[in-house]
Amino acid sequence: MSMLAATLSSGWFLENAWLIPLIPAIGFVLIILFGKRMPQGGSEVGLVSMAASLAIAIGATVQWIQRVNSASAEGEHALGGFFGFARAIVPTATEEGGHSAAFVEPVVRTWTWWQSGGLEFGVGQHIDGLAIMLLLLVTFISLLVQIYSTEYVSGDRRFTHFFAALTLFSAGMLVMVLAENMIQLILGWEIMGLCSFMLIGHWWEETANSKAALKAFFTVRVGDVGLLVGTAVIFFGANDWAVERGSNGFSIRAISAWALSGEASNSVLFWGGVALFIAAIGKSGQFPLHTWLPDAMAGPTPVSSLLHSSTMVVAGVFLVARVYPVFFVGFDILDTAVNLITIIGGITIIAAAALAFVQDDIKKVLAYSTVSQLGYMMLGLGVGAWLPAVFHIFTHAFFKCALFLAAGSVSHSGSHHSFDMKKDMGGLARKMPVTATTWMISTAALCGIPFFSGFFSKDEIIDNASHNGYQFFYWVGLIGAAMTAAYMTRATYLTFFGKARGAAAGEHHDDHADDHADDHGADHGHDAHGHDDHHDAHAGPHESPWRITAPLVILATLAIFSGYLNAPAVGTHYFTDWVEPVGVAVEADALHSAGDEGHALGLAAVTAEEGGYSEGCGFSDPAEGTVCYAPKLSHAVFSWSKAAPSILLVAFGISISAWLSMGVFGDRRNPLKGLTSRSGIARRGHAFLVNKYYLDHLYEGVIVRAVAYPMAKAAYWINQNILDGIVNGVGRSGRSTGEWVYRNLDQRVVDGAVNASGFIASETGHALQPVQSGKVNQYGALLFGAATVGAIVLILVNI
Amino acid sequence: MYAVNFLILGALLFALGVFGVIARRNAVMVLMSIELILNAVNVNLIAFALMNDSAEGHVFALYVIAVAAAEVGVGLAMVLMIYRNRRSIALDELSALKG
């Protein structure tokens, strides 16, 4: 077969993609060591390192696309030249699971990091479509956020540390995205955890901020236990299988292949999957552990936009997408009507969207919106819509980042550092046209209005849920979409339309003490970063400077156009071609390439089969000598009639919300007297939502109290009675032993020996004293005498 | 074997030198005695070189002469200093190192 000999194109950028996280990591060290002495306080190092990483990421992306094209050219050549052309223009060619693209070998390189007990832990790179997509996304968004930050946090007292943490954070995410094995993934994951703690608590002088940082850290940590347990479970399950094939149980490729090999134990996969999914719940703010994410808005806005829209919270989704075969087989995705991922994803979509309705803080609306959108991504993964979920990561990153930055722009220049929509905003559309326009575009994308990017990704998830037989979650997705549209309309109205209030109307209220002291940590931030004076010069709201608006404009543009990479409505599916791993069985020795320093192997036999879900990777075991790396998933075929319900529901959500907002908040007699103060039922629902389903009460009041207080008490009792007893007993016996030793051993034996040796030395010295007469002649005589004796002895011995 | 005569000469010179070192009070005389000892060694070296039919002994002798010259230089300088300080070079008076 000629295909076996074919090689995929590669290139310098693909082979050296490991530089992408390394550059910001070095940048971090430089900023920490020398940042304070630099003219721009270290921010220039951060910007340059992110720009360099972005350049490499762009190069790698271009070469990856060439690689994919070279692979499909080879594959299609074998299948007949005409077919490739047909595929490019007819979207239905991908119908019914018949993804005919050839297998594209990821670019894998590994170096040994350390060895322990016969186990080898590697670091390296595993570059496939998913990694490439996130590398590009993370470096790009990080660069924009850093540009934005140079303006937003200028003059901050910890400016240098801010940039150091921001740069290290990006490095951590990139390490995780590149990860060749689970250990490296954990490394990046934990770096991010640490940096998110530092960044959320950046203005730690405020108790609320440092509490939010701790909450984020510890809540995510609950999930991290799952990551460690899951990695261990998978390792012990997969290691023997993987070692037989020249890899090990940490390698992501080996884990994927093992999970799909049909030899993996289902219970190991299930429990390993559950543990890993708990980690994803913690990191991605899914339902029971989502409480940290809105509180994390206490950090500076660029941090919110970087951490909580496109990088950190996506890590959990990435984890699931990365070792997808484990979940696919472990949870029987596509074979069961419901599974853990869809349940959690579904609950998250609805619960978080409901919470977004009752927030007054603009950033918290966005935070809950993020949680809800992450629910969509999880739902997508849970219903077997891997590609739409990943595509949603991609589009969501742009419009959510733009929304956060727009919110930051409003607070920076429009509302005097307040994030309170009801108090300090309203009517800002005319004062801040660029911010308002970009906000509106991004909102349209988020709501899933047709022809904006969110429509193409979110609608695909919903469509595939029904396509794959998850009818219930199809409705969950639709209702979520309507709710998203409604709460975003409410936030848009409160911020940009209606009558200007508070700071937006030009009023100054320097005393923020009366501001919601507990649940609005974010708007106290300005006290610490001390450039209040900067704004006293400007009376009232105005447009932000270019360093804030430029990233906004770029992101809003992408919020429109990024969807067209995979827009079935207009017949494009570049994203599918470039990112989706091809679920075909390949020759088993492809697994060995882990140790092969990333040289592209020959293309293995492609056994692409047309047909439904009965055949192919993930549905039947791969043939002897072949392995699968990804399940063979099919895609729903887009049609406007199927998209119609979601479009209608979105339109319904927007109009209802707009009507209510204008009616309720725009009421001339008593504006801001919301629905809740008018109806009893609404008030009770409101209280339930404002208290976030009482989850925080549950965690802090019940769980923490039930677990931590008795534990503290027990620990105190043990401390006082047992530990202190032991310590005191040890102390007392130690003292008496010491005394005995002093009397007997020290005074008698040791001192005796010392004194005796001193005495002997002294006496010997006295005896020999006369020899040292000080007379040179005598010394000479002794010398020659000794030499004579020596000579005599020598002669006697030799005779 | 006439080389033995040289060895006997060397032994005599050595004994003479040792006697000088031990018996003389004058530091300069002691130094001269040391020179005698060194030259006894030189005679020995050359005698052995003769016996073994090799030139190495000669080379060593030359070295010894050079080192002896340096040593005398140092020794005389010390004697001079002692004389300047004490107005005497009698060795039996120099017993500051008495233990």
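**Figure 1. The largest nonpolar core of the predicted model.** In this predicted model, the largest nonpolar core comprises 220 residues, of which L135(A), V317(A), V390(A) and A402(A) touch the most other members. Helix α18 of chain A, spanning residues 386–414, supplies the largest share of this core, namely 18 residues.

Figure 2. When neighbours within four places in sequence are set aside, the contacts of V390(A) are L130(A), M133(A), A321(A) and V579(A). Another core lies apart from the largest one and has 12 residues, including V18(B), L38(B), A47(B) and L91(B).

**Figure 3. The contact between chain A and chain B.** Chain A contributes 10 residues to the contact, and chain B contributes 11 residues. On the side of chain A that touches chain B, six residues are polar, three are nonpolar and one is charged.

**Figure 4. The setting of N69(A).** N69(A) belongs to helix α4 of chain A, which covers residues 43–79. Because 16 other C-beta atoms lie within 10 Å, N69(A) is classed as partly exposed. N69(A) and D577(A) are separated by 508 residues in sequence, yet their C-alpha atoms are 8.8 Å apart in space.

**Figure 5. Packing of helices α2 and α3 in chain B.** Helix α2 (residues 27–52) and helix α3 (residues 56–86) of chain B pack with their axes 9 Å apart, at an angle of about 175°. The helices α2(B) and α3(B) are therefore roughly antiparallel, since the angle is over 145 degrees. The contact of α2(B) with α3(B) contains 18 nonpolar residues, together with four polar and two charged residues.

Definitions and conventions: Residues are numbered from 1 along each chain as its sequence is written. Chains are lettered from A and ligands numbered from 1 in the order in which they are written. This is a predicted model: local features need pLDDT of at least 70, side-chain atom pairs count only at pLDDT 80 or more; totals for chains, interfaces and linings use all residues. A nonpolar core is a set of buried Ala, Val, Leu, Ile, Met, Phe, Trp, Tyr and Cys residues joined through C-beta atoms within 7 Å. A residue is buried if 20 or more other C-beta atoms lie within 10 Å of its own, exposed if 12 or fewer, and partly exposed in between; C-beta atoms are placed from the backbone. Helices (H or I, at least four residues) and strands (E, at least two) are DSSP runs, numbered from the N terminus. Two residues are in contact if their C-beta atoms, placed from the backbone, lie within 7 Å. Ala, Val, Leu, Ile, Met, Phe, Trp, Tyr, Cys and Pro count as nonpolar, Asp, Glu, Lys and Arg as charged, and the others, Gly among them, as polar. Axes are lines fitted to C-alpha atoms, for helices over the stretch in contact, and angles run from 0 to 180 degrees between N-to-C directions. Angles under 35 degrees count as roughly parallel, over 145 as roughly antiparallel, 65 to 115 as roughly perpendicular and the rest as oblique.
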